[in-house]
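Some labels in a structural description deserve a check against their definitions. The questions after the model take up a few of them.

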Amino acid sequence: MRLGFFFKEALRALSRSAAPSLAALLTILLTALVLGIFIPIVQATTGTANEVRNRVVVDVFLKSGATKQEIEDTRGALLTSPNVEKVDFISKAQALAKERKRNKEAYELLGTNPLPDSFRVTPEDPGEVNAIVDRLAPRNPEGARKPTLASVDEVRNREEETDKILNATSLVKGVTAGLALLLVLCSVALIANTIRLSIYSRRREVEVMKLVGATNWFIRWPFMIEGVIVGLFAGVLAILLLTIAKATVVDPLADRFALLAAPDTIDFPLLALLLLVCCVLVSALGSGLTLRRFLKV
Amino acid sequence: MAPLATRPAPSEQAQPRSSGVPVVEFDDVSKVYPGGHVGLERVSVKIGRGEFVFLVGPTGCGKSTCIRLLMKELEATAGDILISGHSLPEMPRRKVPRLRRNIGVVFQDYKLLPNRTVYANVAYALEVIGENRQSIRRKVPDILRLVGLSTKLHNYPDELSGGEQQRVSIARAFVNHPPLLLCDEPTGNLDPETSIGIMQLIYRINRTGTTVVVATHDKEMVDKMRRRVIELREGRVIRDQQSGLYRPDESTSEFAVRLRGELGIGVEGHPN
């Protein structure tokens, strides 16, 4: 019965002073839209950056003529060393097939297979790849690398390329993280201010309610319910617009741009749910919290 | 207007000071506002059940401070304020709403809720105390008929005249029959004719046994009503008189002296 009363109060406030609520609704709607677009972009960007980083590998070339037993021993040693995620064996024949694809004529001329057996080691943390190299083949005092494992001929990680990848991707990740933070801060500040204005315009009303003996929660509930309604409307509207945008713009282009089709972006239904919950929570809690200062009569 | 027959009316000549616990008691109360302005200085006053008291004095003398202290809208700096024996300074904040439900308040600026009709404004005071819908539907039209607004139930406050708005505010203050009614300049914004109507209404409420405190600078009203008058000046009680006048026994020449004195023209001729 009480809930019904509070609900009616909220609706009365909405219909009688629509302008401030409309402003709050619009602000939340726009913020939700921007976030809804930005979250997948951030995810796709960091996802792509991570993918690029995963291309950082260490090649371990074996001495020619290594026996099967030696190969297995080396594999075991590599797998047990720290920060190693994956070890792939590439046999002489596989290596040749791969290289031949790249430069057919050269290998045709060569006749024999000069390539050694090798392992491709994928690190768990690409940032620490150099440590792996140092462990497998520490530098001697003259600066030349000397492999620790007997059957290993050489350890290489295409140093220049690796450094470039690591630098670029960490820059991209840092910038997107900074932008995301900034955007969230902006959203919170914007919504907080709009809600504050909307409640400020009704502070006299709150004062009168206090003076006729209303408890704080008696005054607060209708405001919070109003917040829920406004948040719900804004959220649903934002999701609707995002759905339309996704169906008309993003989906047709997804085949052409790798970024749009990046595999580990958030699912749309989950994103929609997240936005809706955020809208409602921010709007309701924002109203409730802002009201606090006006309740001190 | 329908008679206010909800309570047996006590005799008009009640002896309030002797009737048990006073409804309002100021015990050596001082109020200093942040910034150093003194609102009240060592005020001690007792108001008994069923009394009708005028608080008079020039603007800034502490009338409104008294009212706001009684609402616990302000906290006293020193001293004790008791309402029906309950000490306000000791009252926890969560009990303030209950206190206010037992005090009707009427303001100079009416303080109606602009988004609600006359009916809803009065009903709000009952909704606050959790009254059920049936009794709200019964009580609100009754009280609005009493204040003479039965035809304006569904108007919004901005569609009413000042006098009508004040009547709504009185209806709201009295709808749950509080034992104490505080009025802060109830006629301050109204013309003399309308003021009389409002005062009549307040007086009738008093006749039902409700203690009434009216802060006012409406000289004419005070002089005609001849009730207890408490005069404040610069935060101090300078007069507390039964059946008093706004300003006692001042002849035209005395007034002239005072006028010149306050204008800074004549000799130091201040009667107070």
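This is a predicted model: local features need pLDDT of at least 70, side-chain atom pairs count only at pLDDT 80 or more; totals for chains, interfaces and linings use all residues.

Q: Which hand does the crossing of H2(A) and H9(A) have?
A: The crossing is right-handed, and the two axes come within 8 Å.

Q: What makes the contact between H2(A) and H9(A), by residue class?
A: There are 13 nonpolar, four polar and one charged residues. H2(A) contributes residues including A:Leu25, A:Ile28 and A:Gly36, while H9(A) contributes A:Glu226, A:Phe233 and A:Leu241, among others.

Q: How do you know that domain 1 of chain B and domain 2 of chain B touch?
A: Residues are in contact if their C-beta atoms lie within 7 Å. Twelve residues from domain 1 of chain B and ten residues from domain 2 of chain B take part. Strand S7 (residues 180-184) of chain B gives the largest share of the domain 1 side, five residues. That side divides into eight nonpolar, two polar and two charged residues.

Q: How far apart are the domain centres in each chain?
A: The C-alpha centres lie 27 Å apart in chain B and 52 Å apart in chain A.

How values were computed. Residues are numbered from 1 along each chain as its sequence is written. Chains are lettered from A and ligands numbered from 1 in the order in which they are written. Domain bounds come from an automatic or database domain assignment. Two residues are in contact if their C-beta atoms, placed from the backbone, lie within 7 Å. Helices (H or I, at least four residues) and strands (E, at least two) are DSSP runs, numbered from the N terminus. Ala, Val, Leu, Ile, Met, Phe, Trp, Tyr, Cys and Pro count as nonpolar, Asp, Glu, Lys and Arg as charged, and the others, Gly among them, as polar. Axes are lines fitted to C-alpha atoms, for helices over the stretch in contact, and angles run from 0 to 180 degrees between N-to-C directions. A crossing is left-handed if the near helix is turned anticlockwise from the far one by less than a right angle, and right-handed if clockwise.
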